[in-house]
Amino acid sequence: MSSWLDYTINGLIVGNVYALVAVGLALIFGVSRLINFAQGSIYLVGAYIGWVAVVQLHTPLPLTIIVVAVAAALVGLIIERFGLRPLQNSVRIAPLLATIGISFVLDQLVMLTFSPNPRALPSQLPDVRFQIGGGTIGPLDLLIAGVGITSALLLFVFLRYSKLGWAIRATAQDRDAAMQMGVDVNRVNQAVFGIAAALGGVSGLLVGMYYNQIDTAMSLQATLKGVVAEVVGGAGNVPGAVIGSLLLGLVESYGVAVFGTSYRNLFAFLLLVVVLVLRPNGLFASARQAPPEPLTGTFIAPSRPVRIPRWALLVATGIFAVLPLLPVSFYVLQTLINAWLLGMLALSLTLVAGTIGQVSLGHAALLAIGAYTSALLSLTFSVPVGLAIIGGGLMSAALGTALISPSFRLRGHYVSIATLAIGEIVSLVILNWESVTRGPIGISGIPPLSLAGYELVSPISIYWFSFIVMVVLALLQGRLLGSHLGRSFRAIRDDDIAARAYGLSLNRYKSLAFIFGGFAAGVSGGIAAHLYSYINHETFNTQQSILALTVVILGGLGNVVGAIVGAVALVGLPEVFRIAAEYRILIYGIVLLLLVRFRPQGLLGTM
Amino acid sequence: MSNIDRRTLVKGSLAAMMAGAAFSRAAFAQSSEPILLGVSGPLTGPNAQYGTQWKQGFDLALDEIQAAGGINGRKLAYSFEDSQSDPRQSVAIAQKFVSDPRIVMELGDFSSPASMAASPIYQRGGLVQFGFTNSHPDFTKGGDFMWSTSVSQADEQPLLAAYAVKRLGLKKLAVLHLNTDWGRTSRDYFVKAAKEHGAEIAVTEGYIAEERDFRSTLVRVRDANPDGLILISYYSDGALIARQARQVGLKQVICAASSVYSPKFLELGGEAVEDVHVGTRYFPEDPRPEVQTFIAGFKKKYSGLEPDAFNAYAYDAMNMAAAVVRIGGADRRAVRDAFTKVKDVSSVIFGKATFDVESRRVKGAMNAELVVRKGQFALWDGKPT
């Protein structure tokens, strides 16, 4: 039984580490109702500034912490002033996209400055260990716990008893009312970003020292775990974030204890989904607390979509249809094939996120389900590839809708977080369900695309195949949006209470949207599987989900043509910037930020 | 290819004519322009560090090749396209290389999903895909244009098992492995070989690449009561596991696969990696001339930096590419055929590398049994730790 004590202690130790990030996220969410995807990047910046201080300048620990906190706070202020403040009157989803763009830029800047090689960040504390149970803890464990708990307490007191704290909470509750009462909302936001960034930077430093290792890939993981912990504790609830983190650490540790290491994250994300379904406001929300999301759909503000004349669409379709007959290289065709595949995924997501307002951050899971189904059907059961791809689409529609259905009662950001978790769960199930998915080894030798017995192997035939499938899906979706079904979807997005009062069954319409969307995404995944011939659990990862969402927001939420234009842009831009080698993702991030800044409603506008 | 429709055929022949025209232009300029290799690998994204290490190895090898007169009087050069180890991008790069007549062969990609997704395009396009870190057992099964000098895990893991079980005398093992296609394949070969040597496998634990906290995993390991820990890890996660194992009080012998062989392992692991045993393919004091040239050249070019396993793979790969192109010239099919002809290419990893034409891989990697002593890799002196 002593092992259980050890598992408990280990869970608390790692929960401690998550808490540092979660507190910063909670603070920002509490005020701005924004999941700050750049928090992990600030954590990364903090770790590297700490490395410079410790290894190059040999600063003592207290000074290191101050240097890192100040520098990170500055980064936070810059982000707030130039990245987010210009967006405060635009669509609520624009700042979310901006933080994603900012995180690209920051991660790339760190990588270019310090090279992607991991570095050692030696701890400056004496190396003494205290025996607890079967293991030991060191002074750094205590320092991390101290910083986490102290900062949470200080913030709690600050928010509750100081004047600026009141202003922050007032802004959180009702921004417009706070402004009318004379609260300088911008100053409040600045304070919040400064504090959260300082915390984020210090946590990067301490965690780096804890593992004696920092590298540029640590930012996304930190954000993911921080978001889980924060939401479990109740989004925006600072002490809740600490308890949520500890709980997350414990669940992971017990998961490892019972089922083994490869199930660890599965438990983390299952915990999140269960908490979201049972207590959507987090474990520690009080019953009389106002719901953290507004009741009606201001999450996606309607805008006037750009009207594209029918003849222009026809001409564009015609040009792309005859493109392979013109002297263009196979490289261009292949890039466009990627764009059409991403376009199908974006069609799916723009329906789910834009038309009915369920912003999904786990859409790559639908690709994976479609891809695995199609690959296994054609390999194991010798189903013809064309049919297998349709099978993949159907499976994605059925399984995707079934997985998401418990989260139908969630709103706004909570849908995104639930779908993020479901996406991770699907990927981990693929990794662990070896008898079906072949686990990490993946599936190789998937037969190439074929239609009625003819193999489609040349880039030209694959181009036409994927283009036609995408156009058909787009036309279907256009029909759908014009029908009464489409109007019902938008009614639910714009005001779900009014829609319900009008007699619309929310769950039924949400299911319908996910069934249609799941099919399109599954078909895209199926085609990709036959195109690649090899897939494993890493082929369709979180980055793809984020990319898909970026495409959809860029094109204009709910906008069918916009989804395709966005897909071509986001597949094309990194290829165009190839000439810039290592700098291309940095340029891509900056272009993304500029687009969000000047077209927050998307290139073609929300439909 | 009877299954292509007529339009495709017309277009295909048009493309072929254009490519032919471009090709003859290239042929005119032959004497002055370098022979170009395409490299598809990660320069940004989560695996960017490995792409950077490849570049170091490539550049060193190219310096030596150029100094020795290049390839029949022409220079050898590479064009590195960043794929982020993402299959979507590696397939686009594959088309780019296939349709660029200057490229005579391709090297990479890094991860299996990215490499093997591009294989059908290279195979159909008739361009060699030379994957020098692709240990996935199915990689070279993608077609006769897929060749690999990645050490087969069927070769490497029995060597590690022999080191751990026969030489170090470990009888009850805990295996921790990266839960990727590489880690999983390696684990299976290791477990099989270790059992043949009479060892018992107490527990195996697979962890994902982003994992940083191993304390709970190590409690499982402790409860299985092994007398040795086997790490099938890369250097960064290997160092994390070793540190945390010592922190939670595990004092067992640790024995790690060659992929941890890097100065970074020592830097990141600190005191915790002292006395860790590593089965590698070469070591700094190795008297073989190719190893000494490599290490001395590397330190000179990169101001004292010690090369690691991935630098060595890339260095070997570029030398192999040079040897192949020397035989095959600038014709893609001849380059493919040259892989069957090339013999005894001097190699850090293999000593002398010759392809097994059947499997399109190289067999017989060198073996060195190292241990970390006083913060340095040293040849194991046979003394127990």
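**Questions on a predicted model**

Colleague: Why is B:Arg212 said to form a salt bridge with A:Asp215?

Modeller: The closest N and O atoms of B:Arg212 and A:Asp215 are 2.6 Å apart. A salt bridge is defined as a side-chain nitrogen of Lys or Arg within 4 Å of a carboxyl oxygen of Asp or Glu, so this pair qualifies. The model is predicted: local features need pLDDT of at least 70, side-chain atom pairs count only at pLDDT 80 or more, and totals for chains, interfaces and linings use all residues. Residues are numbered from 1 along each chain as its sequence is written, chains are lettered from A and ligands numbered from 1 in the order in which they are written, and side-chain values use heavy atoms, with hydrogens and water left out.

Colleague: How many salt bridges does the rule find across the interface of chain A and chain B, and which helix of chain A gives the most to the side that touches chain B?

Modeller: The rule finds 7 salt bridges across this interface. Helix α1 (residues 2-32) of chain A gives the most to that side, with 7 residues. The residues of this side of chain A divide into 37 nonpolar, 28 polar and 13 charged; here Ala, Val, Leu, Ile, Met, Phe, Trp, Tyr, Cys and Pro count as nonpolar, Asp, Glu, Lys and Arg as charged, and the others, Gly among them, as polar.

Colleague: What do chain A and chain B bury between them?

Modeller: The value is about 6600 Å², 53% of it on carbon and sulfur atoms. Buried area is the accessible area (1.4 Å probe) that two parts lose on being put together, summed over both. By contact (heavy atoms within 4.5 Å), 78 residues of chain A meet 68 residues of chain B.

Colleague: What makes the pair B:Gln84 and B:Thr44 a polar contact?

Modeller: Their side chains are joined at 3.0 Å. A polar contact is a pair of N or O atoms within 3.5 Å; within protein, one must be able to donate a hydrogen and the other to accept it, and residues adjacent in sequence count only if both atoms are side-chain atoms. The value therefore meets the cut-off. B:Gln84 lies in the loop between β2 (76-82) and α3 (87-98) of chain B, and its contacts beyond four places in sequence include A:Arg584 and A:Ile585. B:Ser85, in the loop between β2 and α3 of chain B, has a positive phi of about 55° although it is not a glycine.

Colleague: Why are β7 and β16 of chain B said to stand at the edges?

Modeller: The sheet is open, with 7 strands in the order β7-β6-β8-β9-β10-β15-β16 (chain B) and mixed pairing. β7 (200-207) and β16 (376-379) of chain B each have a single partner strand, so one side of each is left without a neighbour in the sheet. Strands (E, at least two residues) and helices (H or I, at least four) are DSSP runs, numbered from the N terminus.

Colleague: Where is a cis peptide bond?

Modeller: The bond from B:Gly108 to B:Asp109 is cis, with omega near 10°.

Note on methods: Pairing = 2+ DSSP bridges.
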